[in-house]
Amino acid sequence: MSKVVGIDLGTTFSAIAELDDLGNPEVLSDPESGNRITRSAVYFGKDKVIVGEKARDASITSPKKVVFKVKREMENEVIYSLSSGEFKEDDGKIKGYTPSQISSLILSKLKDYTSGVKKAVITVPALFAERARSATLEAAKLSKLDIELINEPTAAVLHYSNLPGISLNGRVLIFDLGGGTFDITIASVKGKKVDVITSVGDKELGGEDFDKEILNLLKKKYKKLKGKSIDVNDRSLFDVAEKIKKLLSTKEKVSEIIEGPKGPAKIDISRKEFESSIDTYLEKIKMLMEEALERAELKASNINQTLLVGGSTRIPIVTEIIKKIMKKAPIKGVNVDEAVACGAAIYAGIQNKDKLNSAQKKAVSKVELNDVCNFYMGTLIIVRDPEKDRYVEVNDVVIPRDTKLPCSITKNYQVLVDDQKKIDCSVTQSEGEERDVEFINIIANEPLELRKGAKQGDPFKVTYSYDLNGSMHCIFEEVKSKKKQELNLKPGTSKDFKELRESLDFDIE
Amino acid sequence: MEGGIVWLIILVGWVLFNIFGKSDEEKTYEARKEIFDKIRLQLSVSEEVPPKERGLPNVKCIAVKVKGLFGNPNENKTKVFLTIHDNTDLGDDEFGLPILSAHPSFSEPGSRVFTISAVYDTSPDTYFPDWFSFIYIPKELLLPPKKGRRRLKFNFTACDTATNVTHGAHDDLGTVHYNASDFYNLTTKEIGYMEEIANKSKVEDLTIKLAMCMAATDGHLDQKELNVIKNWAKSLTLELDEDKAEEKKKHFSSFIKKTYTEAKNKKVSISKLVSEFNDKASKGQKYLAIELMLNVASSDDKLAAEEEKFINKIAKTTGIDLKTFKEMKNKIVAKVGSLDLSEKPSEESFGISDDMDDKEKCKILRKEYTKWNSQTTQKDPKRKKRAKEMVKIIAGLRKQYNC
């Protein structure tokens, strides 16, 4: 029987979990190193690829051949160039690897921690854009996995609600600050039934950003002591910065010997200095917490518990901010690095009950999850702007954010002018309720030829149906002729899939 | 004396005849007339705050109410129309130029003339026994042909369902069964649509002059800025027929040259220019001018502080909606390649004013954060960079206000 697993494909670390024989989630270790979490780093050798801690080690000697933080590039059309050692815009000329190809190598490595894995649930940040979700699905397909996606904080709350001895009845706030992304989800939990109310997030806020700020502090201090700057792109310094950050979670001050162009220098960094260097990020965290409460139409006092997820929640100032805003300390009790993978394993079990034994089935039988749409999904229309006194193109929301899934919503429009030849059928996505076309992302766009002799005011219907897996089916219909343009936004695979697969003919270590 | 007595007898006789001498037919007619007067279709137009249940903003609107008979004697449905005409300097029975609507929901299909129509299921004796609130119209929705104090004639008609109204007039008066009118004095500061037509050429010139002066605020007028102005002027000739387009092009060519020299040498009185522009331009034209200035300002991929200041100033004096202006500016801010630190968006650009308390300011900044943060994943690296900068500025301001 093929196994089902949950995978947390993280910016800095990834993890894989499965349900044990009794239906409890269990994180799988790397059989070679014994590590339960795997560094999301990929080294491209001549004939082989190394994933994990060893890849990071290789970056000291061959920095250009090691890819870090590929998750942050998932929504971009870029290629990692091994010759320049960076992601570049894909102009068709650069030789290298796409983010989905690189992610697929991490997935393949994780998949090998156990045998017989065919089906998986992969977690993604709540605010991961459509392009990034597509790229994740492509990565899974490249690694021969049949997958479904679940939002990271949603997976985490599933894990928390299934912990033995914990009763989470009421509203909870899941605070997920990982290596590269930050998500907050507010959910209503009743036993093992989880109803997501809202999710907000920042795709570029996490431990990696804090490391960068420590690097800047090191650079400034080294220059002050020695008169010359250190190279902040030196990978070994990244490791030092990460180490300092971790130590500052328990110590007030850390001293490190830094090797630089003018020899070694002993540099002290205090917790206060570190906190002050990341204050912009801390402000963003506060804003997102406020936004989440406002979106859920709740006050801090209405939230029963704050649940922590992600390694960066170990930073003391982060916990202080949570305490200040929520007026209550958050729950600490699970391994924050593993909660997402465990939740994904539980969700994988719910979605694939036919592959579970009777004990596992019983364990997940009462688990229920209701999620919401994390974006405003809309379309572009032309309306007369009474203020500007002219026709303007605007974004009109079809599915509002936080609508319970699955959902199907129809909106009625009209043909604009007599003898109009076609309508551009656009599907848009935005985090905010935007009318302005400059501030939305167009995720699909196809024309629909109208019937001959279409008249101004003829009815035109737009229906969006969104399911739990993030697949959206959009129908644009000219009512009189019943002519339709259907856009399927089930995140698919690129046309050059075969080519992508062939170029990944590596041994993975 | 005798003559006087004769006249008195005649008068008394006439009165007695009138009292006792009317036929039954005449009496029935009078009674019917009295009833008809009571149920005759009437219209009342006044200023009123709409009741809460209407779900309209709590501001004074023009309340249009009807009372009396309107049932169609020919069909079991009645179509009613409300049209508005500018009757300033005209008699009550005449119909002046139609009023236009600022919103398509209140205009005739295919035109901007204000008309509201509705169809009711009726019998021939259907009537509104009491005053019925037909509609509450926000004053800003009405666009008269001229600015100032205008006497508006509101006309309510009950007709056959096949009846149509074109440019405020009924296609076939024979299908109109009942009609009622009332008047309302409206004062508008914005110029009217007839004035807009009359001022069109002048406003185009003033817009070019404004854009030219704005471009010159940083001390130089470069070719890129000039090209944006030239292209804008060229776009105005596209819909004209060949001869007129040629004539217009010639005019713009010499006007741009002349204005270029004046602006470069700082020989234009900005206050006079702005005052004339505000006096002659419609709201739509004001937005177009602001848009042109923003495009000119950003043509060199940079929004200079002096230019931004100039545009802010003009926007404030024009009386356009500052929220809409902020959105227009945001588009430009998102696109330009560089914003020097000295030119970072001020609190004002985010919609923060001095009279707000810190809590309010923090809330506005958070909303701005949501807007810009979602842009940090833009494909365009320039826009991505700008969005990240804006997020940083917002976070900095939040710290400043101890949010």
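## Practice with a two-chain model

The C-alpha centres of domain 1 of chain A and domain 3 of chain A lie 35 Å apart. This is a predicted model, where local features need pLDDT of at least 70, side-chain atom pairs count only at pLDDT 80 or more, and totals for chains, interfaces and linings use all residues. Residues are numbered from 1 along each chain as its sequence is written, while chains are lettered from A and ligands numbered from 1 in the order in which they are written.

**Exercise 1.** Find out how domain 1 of chain A touches domain 3 of chain A.

*Solution.* 
- Start with the bounds, which come from an automatic or database domain assignment: domain 1 is 3-163 + 335-369, domain 2 is 207-277 and domain 3 is 376-488.
- Next, look for contacts (C-beta atoms, placed from the backbone, within 7 Å). Six residues of domain 1 of chain A meet six residues of domain 3 of chain A.
- On the domain 1 side, α3 (130-142) and β11 (146-151) of chain A give two or more residues each. Helices (H or I, at least four residues) and strands (E, at least two) are DSSP runs, numbered from the N terminus.
- Sort that side by class: three nonpolar, no polar and three charged. Here Ala, Val, Leu, Ile, Met, Phe, Trp, Tyr, Cys and Pro count as nonpolar, Asp, Glu, Lys and Arg as charged, and the others, Gly among them, as polar.

**Exercise 2.** Work out how α3 and α4 of chain B are oriented to each other.

*Solution.* 
- The axes of α3 (residues 193-215) and α4 (residues 223-235) of chain B come within 10 Å and cross at roughly 170°. Axes are lines fitted to C-alpha atoms, for helices over the stretch in contact, and angles run from 0 to 180 degrees between N-to-C directions.
- That makes α3(B) roughly antiparallel to α4(B) (an angle over 145 degrees).
- B:I208, B:A211, B:M212 and B:A215 of α3(B) meet B:E225, B:I229 and B:A233 of α4(B).
- Count the classes in this contact: six nonpolar, no polar and one charged.

Technical notes: Parallel < 35°, antiparallel > 145°, perpendicular 65-115°, else oblique. Contact = placed C-beta atoms within 7 Å.
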